Amino acid sequence: MGEEKKSIESLSSVGETIAQRLHDAGYSTLESLATAKPQDICEVTEIGESKAEQIVEEAQAVTEAGEFTTADKILEKRGDVGWVSTGSEQLDNLFGGGIETQAVTEVFGEFGSGKTQLAHQLAVNVQRPVEEGGLDGKAIYLDTENTFRPRRILDMASAANLDSQETLKSIFIAKIHNTDQQLLMAEKAQEIVGEENVRLLVVDTLTSLFRAEYVGREVLAERQQKLGRHLLTLHRIADLNNVAVLVTNQVQAKPDVFLGDSTQPIGGHVLGHSATNRIYLRKSKGARRIARVVDSPELPEGEAVFAISSEGIKD
Ligand code: GTP
Ligand code: MG
């Protein structure tokens, strides 16, 4: 961290043509190559397998991706973690300061529980200065449900005293129509992140297109594998670029279970174990919503109440 980043062109195994193909496929950093599978590179570029292996090996050697690290180094990197305020002090306290960078946070809940509203709010708040709970950065928003609303961003920007045009211009939106495009745009996001000081990446909703495209038991494994690959990309962006990644996930109410947890996150175990932090939202009276932290490595389990107002997320 902090050192000047070397480009993929610095590898002796990467010439001009290959560099271009790698860039086009979203492999624009040494780290992305070092953590890639050679087969994946072959699949999305027209680079042969042995060449791809050579590139990955060289990238690993240069970036030390195959090396062990010591706990003090990890702590040092954790020291760079930043938080994006949700707009509610109660929620921020519950989350240890807000939605954190270097992590993938999954927000799951029923329809209308506030997942999309929270995502909009974070896309605005990330632009605020650090003293005001932001990260002075921009946002990328992958919208799979066509529920991104610039009007709502304007409401929230004006409540936060941000310039409306600047705020809109600092959110990069991609409308996503299928899972192939979803994976592709996450890879592309990795390129913009470095160039544009992006500090928040939203995927709303992570699982909806996967559910629509892969129906039935016989394609479950395939679906989970692809979802797993997508999540790996998201983790890589969070980790390598110090970005806060927020993914949303709808849950279906299971009326037959009336003791304990009555809802099941879509995506099953692959998703369950691969988000860093998981937050469950549920509806309460009127505009009130309740958030619960579920199995986070660092945050204690607990609940907080917040509200969705015309100005956005509030206590
Ligand atoms: P799904 O995507 O359907 O799973 O739901 P979600 O969890 O994304 O819900 P969303 O964030 O869209 O929350 C919808 C709720 O937010 C609505 O029921 C309203 O209560 C509230 N809401 C949305 N827009 C506004 C607004 O402009 N003003 C106010 N006051 N509340 C709003
Ligand atoms: Mg939504």
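## Arg278

Arg278 sits in strand 9, which covers residues 277-283. In this predicted model, the relative accessibility of Arg278 is 7%. Because the cut-off for buried is under 20%, Arg278 counts as buried.

The side chain of Arg278 has a polar contact with the side chain of Glu106, at 2.8 Å.

## Secondary structure and overall dimensions

Strand 9 belongs to a chain with 13 helices and 12 strands. Along the principal axes, the C-alpha atoms occupy a box of roughly 60 × 50 × 40 Å.

The radius of gyration of the chain is 20 Å.

## Burial and contacts

Buried residues make up 48% of the 315 in the chain; Arg278 also counts as buried.

Among contacts with a separation of 6 or more, 65% are between residues 24 or more positions apart.

## Surface and charge

The chain has an accessible surface of about 15,800 Å². Carbon and sulfur atoms contribute 50% of that area.

On the charge side, there are 33 positive and 49 negative side chains.

Key: Residues are numbered from 1 along each chain as its sequence is written. Chains are lettered from A and ligands numbered from 1 in the order in which they are written. This is a predicted model: local features need pLDDT of at least 70, side-chain atom pairs count only at pLDDT 80 or more; totals for chains, interfaces and linings use all residues. Side-chain values use heavy atoms; hydrogens and water are left out. Helices (H or I, at least four residues) and strands (E, at least two) are DSSP runs, numbered from the N terminus. The radius of gyration is taken over C-alpha atoms; the globule rule is 2.2 Å times the number of residues to the power 0.38. Buried means under 20% relative accessible area, exposed over 50%, partly exposed in between (1.4 Å probe, protein chains only). Contact means heavy atoms within 4.5 Å. Accessible areas come from the Shrake-Rupley method with a 1.4 Å probe; for residues, only the protein chains shown count as cover. Lys and Arg count as positive and Asp and Glu as negative; His and the chain ends are not counted. The place of a charge is taken as NZ of Lys, CZ of Arg, CG of Asp or CD of Glu. A polar contact is a pair of N or O atoms within 3.5 Å; within protein, one must be able to donate a hydrogen and the other to accept it, and residues adjacent in sequence count only if both atoms are side-chain atoms.
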